[in-house]
Structure formats: structure tokens, C-alpha cells
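Thanks for coming, everyone. Please look at the sequence and the structure while I talk.

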Amino acid sequence: MNAPLLHDAVARDGSVAPAADASAAHAPAALAAVDPEPGWRAAAQRAAAIAAQYADSVDREARFPTEAFDALRRERLLSALVPAEYGGPGLTLVEVGAICETLAQACASTAMVYAMHQIQVACIEKHGNGAAWHRALLGQLVEHQWLLASATSEENIGGSMRTSACAVEIDGAAFRIEKLAPTISYGAYSDGILVTARRTAESTAADQVLIVALKADTQLEKRGSWDSMGMRGTCSEGFRLVATGLAEQILPTPFAEIADQTMLPVSHTLWASVWTGIASDAVNRASSFFRAQARSKPGTMPPAGPRLAQAVGMLHMMQARLSVGLEAAQVAQQAVDGACQADTPLSAMLGFASDMNTLKTSISTTALQVVQEVLMVVGMAGYKNGTEYSVGRHLRDLYSAPLMINNDRIAQNTASLLLAQRPAAPGRA
Ligand SMILES: Cc1cc2nc3c(=O)[nH]c(=O)nc-3n(C[C@H](O)[C@H](O)[C@H](O)COP(=O)(O)OP(=O)(O)OC[C@H]3O[C@@H](n4cnc5c(N)ncnc54)[C@H](O)[C@@H]3O)c2cc1C
């Protein structure tokens with residue numbers, strides 16, 4: 001991570017230096033190395049092959065998946081979502097969901113870090129409002145394949161993303177933020193962190209902004225380690241974060257809008273892609289075990305057949321639900337681009353929000369059920385670590401899914417959304 005600072009590209013007055021200018025710096029030959037399909041899919045598969053090679057050691061040692069991220073950088077997949085005008089390949093949310101799913105079949109921690117990074121990219125791209133600083137940031141991200149992390153949770157606030165205790169301090173053109181963050185996944189390995197905070201010291205807890213803090217101007221004082229049940233390679237340690245920079249690094253859109261329009265739908269769909277990928281790899285292991293069992297006793301049906309059929313059926317339901325959710329979120333993201341959200345009826349917005357919530361809660365719980373079913377199919381060969389049928393890591397990784405913004409908290413929010421919606425007329429969806 002020896003990339004030049006963004007400050008080199010953006011002068012203190014906010015003007016963009018030629019090297020980072022959208023038109024000059026984004027020559028397609030130099031920066032847009034990811035071809036449209038099928039290039040991005042092959043690139044994801046190459047990175048996944050490397051991630052798979054190191055998945056067990058990443059898990060055992062609870063270490064950052066360095067080899068996988070070196071590969072993702074080589075394949076230029078960290079800028080997958082960045083549009084062509086900033087030098088990226090401009091893949092769609094559906095395509096990035098497919099990359100997350102592919103990576104998750106190899107190493108869940110790699111896939112989750114990748115998904116979390118893409119969520120931050122989407123927030124900047126959709127809500128930077130084309131400001132010079134944010135345009136330059138996207139250009140630098142493409143050029144240097146920067147990795148972005150997130151600090152939304154806060155000590156004493158927990159997973160209530162829509163409230164903050166800390167507040168931004170503004171002094172002329174500069175800002176300072178101090179936050180006690182219980183969990184910043186891969187914070188120590190990131191090039192920038194998106195931090196939520198109250199707009200001013202006088203603002204209410206819900207009047208929040210989203211700040212892009214850069215590594216060079218951010219101090220991270222470690223406050224806890226990450227020796228967790230699963231997702232051990234995400235290195236989701238606690239920190240006291242102190243960051244400074246230019247006030248223009250604060251995204252112009254209120255965080256409430258960023259959360260509703262982008263952060264929540266993109267998080268829920270990409271997380272769901274990761275969990276579906278983990279479950280899918282477990283089902284593949286059960287299928288090979290089942291075929292090996294059948295081969296060993298020709299002419300007989302192995303006893304766990306119905307359980308495998310059940311797991312495959314549940315996986316297909318997850319994949320179908322995910323596909324619908326990704327399409328809906330992609331359409332909604334295009335509406336953010338077209339700035340036509342104001343025209344969207346309230347009932348449609350409430351329906352979309354509850355749809356994104358139930359996508360997260362249902363896929364996070366079903367993925368666990370699928371892998372539990374797989375464990376029953378493969379038995380001890382799956383329970384033991386280090387066999388070709390092991391699913392212990394899959395299960396441990398998936399236990400984070402219902403907690404990553406607690407499903408009970410989300411279900412309560414969904415119930416409020418459902419209460420606010422008028423029932424559909426008879427015979428209409
Ligand atoms: C693998 C992983 C990576 C993460 N990475 C990041 C990251 O990079 N950045 C970041 O900011 N955060 C991150 N988080 C934290 C995450 O986003 C949530 O903030 C966190 O999971 C919530 O923590 P909590 O369960 O302690 O707190 P809370 O959500 O406050 O919940 C505490 C407990 O209270 C109960 N509870 C709370 N509210 C309700 C409610 N409304 N209804 C019913 N019960 C309720 C639940 O039983 C819950 O277990 C990560 C979490 C995981 C698992």
C-alpha cells in the first residue's frame with residue numbers, strides 16, 4: 001500500500017490535479033483492465049483459486065487474506081463497481097454479487113472483506129455527487145486498487161447504524177473525528193475508512209454524516225483483538241479512531257439517505273451473495289461425498305440422499321431469492337443515478353426496504369440450515385477439519401450472518417415497515 005496520497009491529487013482548494021482528472025487519468029488501456037463478461041468472471045475464478053489455497057491458514061491463524069487480496073488487486077477487481085468515467089469497468093451490482101458468491105465458495109473471509117469494500121465504493125460513487133474530491137478518490141482507487149473499510153458501529157451504540165454518539169468537529173476547511181469503534185473489519189489493512197458521526201456536536205444522534213477518512217490522516221489505536229468463532233480472516237478488531245482531513249471529504253448527502261438508498265440494499269444483497277456462496281460450496285462437498293458413497297456400493301442408494309435433496313432444494317430457493325433481491329437493488333441503484341427517487345411512491349420505498357431486510361434475515365438463517373443439513377449428510381468426514389468434506393469453517397463463518405446487524409433488530413424494523421404499508425388490493429401483488 002505505497003500508493004500516493006489522495007492529497008497529492010486534490011489541491012487544498014479542491015481542484016483536481018491532471019493526474020487524477022477523470023478525462024486525463026482514466027485512459028482505458030491503463031486502468032480499465034477488467035474486461036466485460038466473461039473477463040471479470042474468469043478473473044474472479046482465478047482470484048478464488050488462490051483464496052481457496054490459503055483459506056484454512058487464514059482461518060487457523062485469524063490473519064488477513066493477503067494472498068487473495070494481492071490476486072484481487074492484480075485482477076483489478078477492487079474497482080469492479082467504479083464506472084468507466086472514473087476508469088473502472090463499471091460492473092453492475094448483479095455482477096459484483098456473482099464475484100462475491102464465487103469468492104465465498106473459496107474463502108468466506110476474503111468474500112466478506114471484498115463485499116464490505118464494494119459497499120463503501122457504492123456509497124462514494126452514488127453519493128459523492130460528482131464532487132472533485134470524491135471523483136479524484138475513485139480515480140485513485142482504480143489506479144492503486146485501494147481497499148476501503150467501514151466504521152458504522154460504535155461503543156454503547158452497538159449495531160444501531162442509524163445513530164451515532166461521536167460528532168464531527170469542523171474548523172474552517174478542516175475536519176476532525178474521534179470514534180470508539182468496537183469493530184472495523186480489516187481496518188489495519190485498509191487504505192481508507194468510511195466513518196459515521198453526528199453532523200455537529202449539537203446534532204441529534206440520528207442526524208449523521210458519512211466521512212471518508214484516509215489512512216495517512218487516520219490513527220488507529222487497537223482496543224481489542226479478533227479471536228472469533230468464524231470470519232476470522234476479516235480481522236474485525238476494535239479501535240479508537242482519530243481522523244483529520246478536509247471538510248469536503250464528508251459526503252454531501254445526509255447519511256440517512258445514503259443508508260436507505262445504497263448502504264443497506266448493497267450490504268444486504270452482497271452479504272447474501274457471500275452467504276449463498278458459502279452454502280453452495282458446502283452443498284458441493286455433500287454432493288461429492290454422496291457420489292463417492294454411491295460408487296462404493298453400486299446399486300444402492302446412500303441413506304443420506306433425502307437430506308442432500310433437501311439441502312439442494314433450500315440452496316436453490318436461496319439462489320432464486322438472491323437473484324430477485326439483486327435485480328431489485330440494481331434497479332433501485334439506477335434510480336439513485338437518475339435522481340428520480342423523489343418520484344418513487346412511499347409505498348414502493350417501504351416495500352423495497354422490507355424486501356431488502358427479509359432478504360438478509362432469510363438468507364442468513366437458511367444458509368446455516370443448509371450447512372447443518374450438509375453436516376448430517378457427510379457426518380464425521382465433515383465434522384473433522386482437513387478433509388475434502390470438512391464444513392466446520394463454513395458453519396463457523398455462517399454463524400456471523402444473523403449477528404451482522406442482529407436479525408432481531410432487523411426483524412423489528414421490518415415489522416414497523418410492514419405496519420406502515422397499506423395492504424395490497426385483492427388479487428394484486
Ligand atoms: C464478521 C463481522 C464483521 C463486522 N464488521 C464490521 C465493520 O467493519 N464495521 C462496523 O462498523 N461493524 C462491523 N460489524 C459489527 C456489526 O455491524 C454490528 O454492529 C454488530 O454485529 C452488532 O453488535 P452487537 O450484536 O454486539 O450489538 P447490538 O446490535 O446492539 O445487539 C446486542 C444484543 O442486543 C439485542 N438487540 C439489540 N437490539 C435489538 C432489537 N432491536 N431487537 C431485539 N434484540 C435486540 C440482541 O440480542 C443483540 O445480540 C461486524 C460484525 C461481524 C459479525
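**A walk through the model**

Let's start at one residue. Tyr186 is buried, because 25 C-beta neighbours sit inside 10 Å. The cut-offs go like this: buried takes 20 or more other C-beta atoms within 10 Å of the residue's own, exposed takes 12 or fewer, partly exposed is in between, and the C-beta atoms are placed from the backbone. Tyr186 is in the loop between S3 and strand S4 (192–198). Its phi is positive, about 45°, although Tyr186 is not a glycine.

Two notes on the source. This is a predicted model: local features need pLDDT of at least 70, side-chain atom pairs count only at pLDDT 80 or more, and totals for chains, interfaces and linings use all residues. Residues are numbered from 1 along each chain as its sequence is written.

Now the whole chain. There are 14 helices and seven strands. Both are DSSP runs, numbered from the N terminus: helices are H or I with at least four residues, strands are E with at least two. Of the 429 residues, 50% count as buried.

Next, a helix pair. Helix H4 covers residues 39–61 and helix H5 covers 66–74; their axes come within 8 Å and cross at roughly 170°. Axes here are lines fitted to C-alpha atoms, for helices over the stretch in contact, with angles from 0 to 180 degrees between N-to-C directions. H4 and H5 are therefore roughly antiparallel. That label means over 145 degrees; under 35 is roughly parallel, 65 to 115 roughly perpendicular, and the rest oblique.

Which residues meet? From H4 we have Arg46, Ala47, Ile50, Ala51 and Tyr54, and from H5 Glu67, Ala68, Ala71 and Leu72. By class, this contact has seven nonpolar, no polar and two charged residues. Nonpolar means Ala, Val, Leu, Ile, Met, Phe, Trp, Tyr, Cys and Pro; charged means Asp, Glu, Lys and Arg; the others, Gly among them, are polar.

Between H4 and H5 is a loop, and Ala62 is in it. Ala62 has a positive phi of about 45° and is not a glycine. Ala62 is partly exposed, because 17 other C-beta atoms lie within 10 Å.

Back into H4, where we find Ala44. Is Ala44 buried or exposed? Buried, with 27 other C-beta atoms within 10 Å. Beyond its neighbours within four places in sequence, Ala44 is in contact with Leu77, Ile99, Thr102 and Leu103. Contact means C-beta atoms, placed from the backbone, within 7 Å. Ala44 and Leu77 are 33 residues apart along the chain, yet 7.6 Å separates their C-alpha atoms.

On to the largest nonpolar core, with 127 residues. Such a core joins buried Ala, Val, Leu, Ile, Met, Phe, Trp, Tyr and Cys residues through C-beta atoms within 7 Å. Ala47, Leu103, Ile211, Val274 and Val374 touch the most other members. Helix H9 (residues 255–296) gives this core its largest share, 17 residues.

Last stop, the ligand. It has 22 residues around it, and Ser153, Gly158, Gly159, Ser185 and Asp408 come nearest. Being near takes a C-beta atom, placed from the backbone, within 6 Å. Which elements give two or more residues to this shell? Strand S1 (148–151), strand S3 (174–184) and helix H14 (407–420). By class, the shell has eight nonpolar, 12 polar and two charged residues.

Note on methods
Contact = placed C-beta atoms within 7 Å.
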